[in-house]
Amino acid sequence: MWFIVLKLLRIGVKEAKKHKAKKNAANTTTTTDPESINLDRGSNMPFSADSTTLRKPLITLLDTILRFIQFVFGLTVIGLYGRDLHGEDKAPAKWVYAVVTAFLAAMTAAVYLVLPFVMKGRTPVARRPRVQLPLFVWESVLCVLWLTLFGIFGKMYIGDYSEGDKVKRMRHAVWVDLVNLGLWVVTMGWVGFRWWRGLKGGQERGEREMEDVEKAGP
């Protein structure tokens with residue numbers, strides 16, 4: 001009786017091994033087929049490495065927090081400088097420049113925060129290689145605007161310890177300007193890195209396609 005059971009077990013194990021070997025052979029044939037390789041490579045977008053990183057919850061959370069902080073600090077600058085524009089017959093040009101710069105920055109951060117909800121179900125902006133260069137240029141412009149703003153009011157109020165509510169408020173506003181500059185430099189660098197990764201990925205993909213063409217040639 002036990003001899004028959006053992007015999008049946010051996011036969012079952014052999015058949016299972018044969019089935020597994022056939023399945024592995026079929027998978028190997030599929031993955032080594034040139035057409036399947038081309039399809040896999042075609043589906044490998046030049047931004048795949050960066051988009052994989054962006055899908056990580058921690059990176060997404062940090063990016064959202066950073067954009068929210070940019071939005072809050074932009075509104076803070078509007079409040080600090082906008083107080084001096086009320087009741088003025090002729091608004092000082094420097095204060096208008098400060099409010100406009102902060103408004104542009106705050107609106108840009110707000111757009112970044114809203115886009116994931118508006119584009120739900122579509123390809124995120126961070127995974128679109130074509131928009132990275134325009135975003136990098138725009139954030140570079142914002143950095144220049146913040147740098148200019150910090151230079152203007154820093155020259156006027158850093159080291160000025162005279163009494164008065166306006167002077168104290170402007171001294172605080174100068175350092176808030178500096179924080180805004182730092183925040184936008186960080187995000188500008190991150191967008192620039194994504195753009196560079198997209199270019200690098202596109203070049204590598206082009207080189208692989210050229211190699212495939214040369215191998216497939218006569």
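Trainee: What share of residues 136-158 is helix, and how far apart are the end C-alpha atoms?

Mentor: That span is 96% helix and 0% strand, with its end C-alpha atoms 31 Å apart. Helices here are DSSP runs of H or I with at least four residues, strands are runs of E with at least two, and both are numbered from the N terminus. Before we go on, remember that this is a predicted model, where local features need pLDDT of at least 70, side-chain atom pairs count only at pLDDT 80 or more, and totals for chains, interfaces and linings use all residues. Residues are numbered from 1 along each chain as its sequence is written, and side-chain values use heavy atoms, leaving out hydrogens and water.

Trainee: Where does UniProt place the feature "transmembrane region"?

Mentor: The unreviewed UniProt entry puts it at residues 65-83, 95-115, 136-158 and 178-196. Those positions are given in the numbering used here, feature names are shortened, and annotations may be inferred rather than shown by experiment. For residues 65-83, the model has 95% helix and 0% strand, and the end C-alpha atoms lie 27 Å apart.

Trainee: What makes Glu139 and Arg67 a salt bridge?

Mentor: Their closest N and O atoms are 3.0 Å apart. A salt bridge needs a side-chain nitrogen of Lys or Arg within 4 Å of a carboxyl oxygen of Asp or Glu, so the pair qualifies. Glu139 lies in helix 6 (residues 129-157) and Arg67 in helix 4 (residues 57-82), so the bridge ties together parts that are 72 residues apart in sequence.

Trainee: Why is Glu139 called buried?

Mentor: Its relative accessibility is 0%. Buried means under 20% relative accessible area, exposed means over 50%, and partly exposed is in between (1.4 Å probe, protein chains only). Glu139 therefore counts as buried, and Arg67, at 2%, counts as buried too.

Trainee: How do you know that Asp165 is exposed?

Mentor: Asp165 has 51% relative accessibility, so it passes the cut-off for exposed. Arg169, at 9%, counts as buried.

Trainee: What makes Asp165 and Arg169 a salt bridge?

Mentor: Their closest N and O atoms are 3.9 Å apart, so this pair also meets the definition. Both residues lie in helix 7, 4 residues apart, about one turn of the helix. Salt bridges that share partners join Arg83, Asp84, Asp165 and Arg169 into one network.

Trainee: How many salt bridges does a search of the whole structure find?

Mentor: The search finds 4. One of them joins Arg83 and Asp165, whose closest N and O atoms are 3.7 Å apart.
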